[in-house]
Amino acid sequence: MNAAAVPPSTNAPLKVLLADDEGLVRSGFKMLLDSEDDITVVGEATNGAEAVERARATRPHVVLMDIRMPKLDGIQATTQIAETRGLEQVRVLILTTYDTDEYVFDALQAGASGFLLKDAGPAELLHAIRVVAAGDALLAPRITRRLIGQFTAQRTATRAAEDRLAVLTQREREVLALVGQGLSNNEIGAELFLSPATARTHVSHAMAKLGARDRAQLVVIAYQTGLVSPHTA
């Protein structure tokens with residue numbers, strides 16, 4: 001878990017910023033989120049530029065970000081949020097449609113912590129926000145890994161994989177490969193006969209050495225470097 005992403009107090013509600021150009025979508029999300037005791041909506045944005053401005057003003061834990069918006073799209077907005085000093089703890093959860101969005105990989109590279117299908121149900125949305133806010137980042141159902149793999153497969157061959165992974169120990173490589181397959185710290189520990197705390201330490205070391213913002217970017221790196229392929233995930 002990335003401790004920097006954890007809300008400052010367990011008693012404080014998770015602050016969520018809604019960024020979507022469709023008013024009905026924002027209203028539906030706001031109604032759902034405000035009904036939860038541990039979540040509060042701190043702002044709304046109708047385009048990517050507004051999302052960046054509101055993120056600076058409200059410092060949310062999570063931005064629920066649509067990809068296709070006017071003025072500045074969700075990927076550009078995510079990039080700006082990720083690169084803005086003082087917003088290091090802000091996590092971006094991208095809203096996407098699996099069949100049409102080819103931008104998910106770019107969004108993860110830009111600094112998004114994961115993505116959610118637009119037709120997700122209320123329980124899935126609430127779970128996704130809490131997972132991302134906790135720093136566990138990328139949602140890892142098989143459909144997610146297949147999608148990431150689909151858009152990274154053709155890029156893998158051009159990467160200097162060994163050079164990039166040279167900073168890792170062999171154990172850290174093994175852990176990275178399992179993160180790429182969507183395993184939790186508990187599952188990684190069981191697979192490698194480690195305690196969950198030790199697995200979490202290896203994950204943290206890999207993130208630091210590879211300059212990854214969170215687990216989502218570790219998944220991308222695992223695909224980029226060929227440690228994981230769509231066939232093994």
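**Entry 1: the whole chain**

I looked up burial and found that 49% of the 233 residues of the protein count as buried (buried means under 20% relative accessible area, exposed over 50%, partly exposed in between, with a 1.4 Å probe and protein chains only). I note that this is a predicted model, in which local features need pLDDT of at least 70 and side-chain atom pairs count only at pLDDT 80 or more, while totals for chains, interfaces and linings use all residues. Residues are numbered from 1 along each chain as its sequence is written, and side-chain values use heavy atoms, with hydrogens and water left out.

I recorded 11 helices and five strands for the protein (these are DSSP runs numbered from the N terminus: helices are H or I of at least four residues, strands are E of at least two). The accessible surface comes to about 10700 Å², and 51% of it belongs to carbon and sulfur atoms (areas come from the Shrake-Rupley method with a 1.4 Å probe; for residues, only the protein chains shown count as cover). I then turned to contacts with a separation of 6 or more: residues 24 or more positions apart account for 68% of them (contact means heavy atoms within 4.5 Å).

**Entry 2: Asp 66**

I found Asp 66 in strand β3, residues 62-66. UniProt, in an unreviewed entry, places the feature "modified residue: 4-aspartylphosphate" at Asp 66 (UniProt positions are given in the numbering used here, feature names are shortened, and annotations may be inferred rather than shown by experiment). Is Asp 66 buried or exposed? Its relative accessible area is 5%, so Asp 66 is buried. Leaving aside residues up to four places away in sequence, I list Ala 19, Asp 20, Asp 21, Gly 74, Leu 95 and Lys 118 as touching Asp 66.

**Entry 3: Asn 47**

I located Asn 47 in the loop between β2 (39-45) and α2 (48-58). With a relative accessible area of 4%, Asn 47 is buried. Which backbone nitrogen does the side chain of Asn 47 reach at 3.0 Å? That atom belongs to Ala 49. Beyond four places in sequence, Asn 47 touches Met 69, Pro 70, Lys 71 and Leu 72.

**Entry 4: helix α10**

I checked the length of α10, residues 196-210: at 1.5 Å a residue, its 15 residues should span 21 Å, and its end C-alpha atoms are 21 Å apart, which agrees (the expected span is 1.5 Å times one less than the number of residues). In α10, I found Ala 199, His 202, Val 203, Ala 206, Met 207 and Leu 210 buried. They cover an arc of only 140 degrees around the axis, so they are on the same side of α10 (the arc is that of the directions from the helix axis to the C-beta atoms). Gly 211, with a positive phi near 70 degrees, follows α10.

**Entry 5: positive phi**

I looked up Phe 193, which lies in the loop between α9 (185-192) and α10. Phe 193 is not a glycine, yet its phi is positive, about 60 degrees. At 78% relative accessibility, Phe 193 counts as exposed. Arg 59, in the loop between α2 and β3, has a positive phi near 50 degrees. I noted Arg 59 as partly exposed, at 43% relative accessibility.

Technical notes
Polar contact = N/O pair within 3.5 Å; in protein donor to acceptor, adjacent residues only side chain to side chain.
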